[in-house]
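Trainee: I would like to go through the labels on this model. Can we set each value against its rule?

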Amino acid sequence: MKHKRFEENILVDEAYTNYGRPDKNEDQKKGSGIAKNFAETLEYGERKKWYHQLPEEPTVTNKSLSQDKIEELRKEASSALHGDTLAYETKTNRNGSSDQQWARTLLNKGAIGDRVAAATILIQDNPIYNLMALRNLVSNVKPAKKKDGIVIIDALSELFISELLLPEIKLRTFEQHSLGQVDEMTSGNKQARRNLLKLWYFEDQLKELYGTYVEALNKFAHDSVEANKEKAVSSMSYLLMHHPEREKMLLTNIINKLGDPSQAVSSKVIYHLCQLLYNHPNMKGVVLAEIERMLFRSNISPRAQYYGICFLNQFFLGKDDSKIAENLIRIYFSFFKASIKKGDIDTRLMSAILTGVKRAYPFAEGGRLAAAADHVAAVHRLVHLARPSVAVHALALLFHVSSATEGGADR
């Protein structure tokens with residue numbers, strides 16, 4: 001189930017490209033085992049999400065509570081969720097359908113695929129009272145359980161996006177809710193108060209679990225197996241593209257993988273970042289700022305810098321992106337100056353820098369590019385000293401600069 005905010009022009013990794021396509025083996029799968037049970041019993045209509053139960057909160061908070069009072073309400077909310085969960089489990093064990101009982105039995109038996117399928121069904125049916133099943137799935141995403149983690153990651157990512165996270169907005173912690181207005185919102189009704197606190201506490205736990213899952217994906221991305229690293233990068237990119245929750249942490253984790261020893265992983269990062277900018281052009285400034293922080297870190301490797309510059313060369317630029325283009329050129333010339341000082345003129349990094357400046361220059365406002373003129377003389381020398389492939393990029397850059405400035409065209 002794709003999020004409505006991202007319905008159009010979504011380009012994701014191969015792990016998700018088959019979503020929504022007809023399955024050629026559907027009839028065969030329905031004829032055997034677990035797939036048959038699911039196909040015969042599941043209802044595929046629109047379910048009412050858990051967050052539809054959340055009431056509107058006052059926009060203005062008049063009461064501020066002490067820390068002791070907040071902790072008291074938290075304990076009350078935790079107790080309410082725990083008690084209602086036990087009551088729900090008792091009721092389903094007695095009166096629940098055979099499918100629910102079968103799914104609960106399967107949670108502790110069978111192959112990892114069966115356990116994940118059973119947990120997914122229970123969470124989709126009622127996420128509030130199956131928080132423990134969700135917590136168990138998250139806790140099994142770890143490098144020590146590589147085979148289990150690979151199976152769980154796809155299911156968890158889709159669960160969070162399609163079922164658990166609030167549409168288009170970030171989850172809130174328990175303290176961020178209108179705790180001081182609980183009595184007014186529930187009109188003194190004890191059951192309504194219990195339900196409200198329970199929902200707020202569930203949202204708090206869900207936010208914490210999502211953060212734990214993102215951290216687990218980051219650990220998975222540092223595994224020694226290349227396929228596992230690519231899977232983790234693809235999943236983090238999928239989450240970032242589809243929801244703003246933990247976007248800074250996800251973006252930082254993805255960008256840090258530009259320096260991965262594996263060329264395939266670094267190329268995968270560039271691909272996913274390009275898709276992110278294509279689908280969310282408003283994130284250009286945020287992504288550029290994060291890339292710049294990575295490029296100028298003291299412990300950054302030359303490999304990571306090179307792939308960072310290569311990604312900047314892929315930025316989608318338009319007529320309204322003059323500020324972005326100017327920042328790109330500023331970053332390029334910083335590396336250009338450093339490379340000249342080191343004497344690294346015949347390197348692939350120099351070629352990438354010149355390519356980037358040449359590409360960004362037409363989108364920038366020439367009057368504000370004072371740094372460009374300061375480096376023209378160095379670019380002229382580079383034409384004579386560098387190998388032909390680098391010299392061609394330098395000549396193309398000089399052409400752009402001379403066309404936009406007076407007095408340099410006849411040099």
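Mentor: Start with burial: buried means under 20% relative accessible area, exposed means over 50%, and partly exposed lies in between, with a 1.4 Å probe and protein chains only. This is a predicted model: local features need pLDDT of at least 70, side-chain atom pairs count only at pLDDT 80 or more, and totals for chains, interfaces and linings use all residues. Residues are numbered from 1 along each chain as its sequence is written, and side-chain values use heavy atoms, with hydrogens and water left out.

Trainee: Are W50 and Y51 buried or exposed?

Mentor: Both W50 and Y51 are buried.

Trainee: What makes W50 and Y51 an aromatic pair, and of which kind?

Mentor: Rings of Phe, Tyr and Trp (its six-membered ring) pair if their centres lie within 6.5 Å; planes under 30 degrees apart are stacked, over 60 edge-to-face, and the rest tilted. W50 and Y51 have 5.9 Å centre to centre and 75 degrees between the planes, an edge-to-face pair. Ring pairs also link W50, Y51 and F202 into a cluster. By this rule the count comes to 10 aromatic pairs.

Trainee: Why is the pair of Y306 and Y307 called edge-to-face?

Mentor: The ring centres of Y306 and Y307 are 5.6 Å apart and the planes stand at 70 degrees, so the pair is edge-to-face. Y306 has 17% relative accessibility, so Y306 counts as buried. Y307 has 7%, so Y307 is buried too.

Trainee: How do α14 and α16 lie to each other, and why?

Mentor: Helices (H or I, at least four residues) and strands (E, at least two) are DSSP runs, numbered from the N terminus. Axes are lines fitted to C-alpha atoms, for helices over the stretch in contact, and angles run from 0 to 180 degrees between N-to-C directions. The axes of α14 (residues 302-312) and α16 (residues 348-360) come within 9 Å and cross at roughly 20 degrees. That makes α14 roughly parallel to α16. The cut-offs: under 35 degrees is roughly parallel, over 145 roughly antiparallel, 65 to 115 roughly perpendicular, the rest oblique.

Trainee: Which residues meet there?

Mentor: From α14 come Q305, Y306, I309 and L312; from α16 come R348, L349, A352, I353 and R359. Contact means heavy atoms within 4.5 Å.

Trainee: What makes S187 stand out?

Mentor: S187 has a positive phi of about 55 degrees although it is not a glycine. Most residues other than glycine have a negative phi. S187 lies in the loop between α8 (182-186) and α9 (190-220). At 69% relative accessibility, S187 counts as exposed.

Trainee: And why is R246 called partly exposed?

Mentor: R246 has 27% relative accessibility, so R246 counts as partly exposed. R246 is in the loop between α10 (226-242) and α11 (247-256). R246 also has a positive phi of about 55 degrees without being a glycine.

Trainee: What covers the buried residues of α11?

Mentor: The cover includes α9, α10, α12 (263-279) and α13 (284-295). The buried residues of α11 are L250, L251, N253, I254 and I255.

Trainee: How do you know whether M241 is buried or exposed?

Mentor: M241 lies in helix α10. Its relative accessibility is 2%, so M241 counts as buried.

Trainee: What about T85: buried or exposed?

Mentor: At 15% relative accessibility, T85 counts as buried. T85 is in helix α3 (residues 67-95). Not counting residues up to four places away in sequence, T85 touches I128 and Y129.
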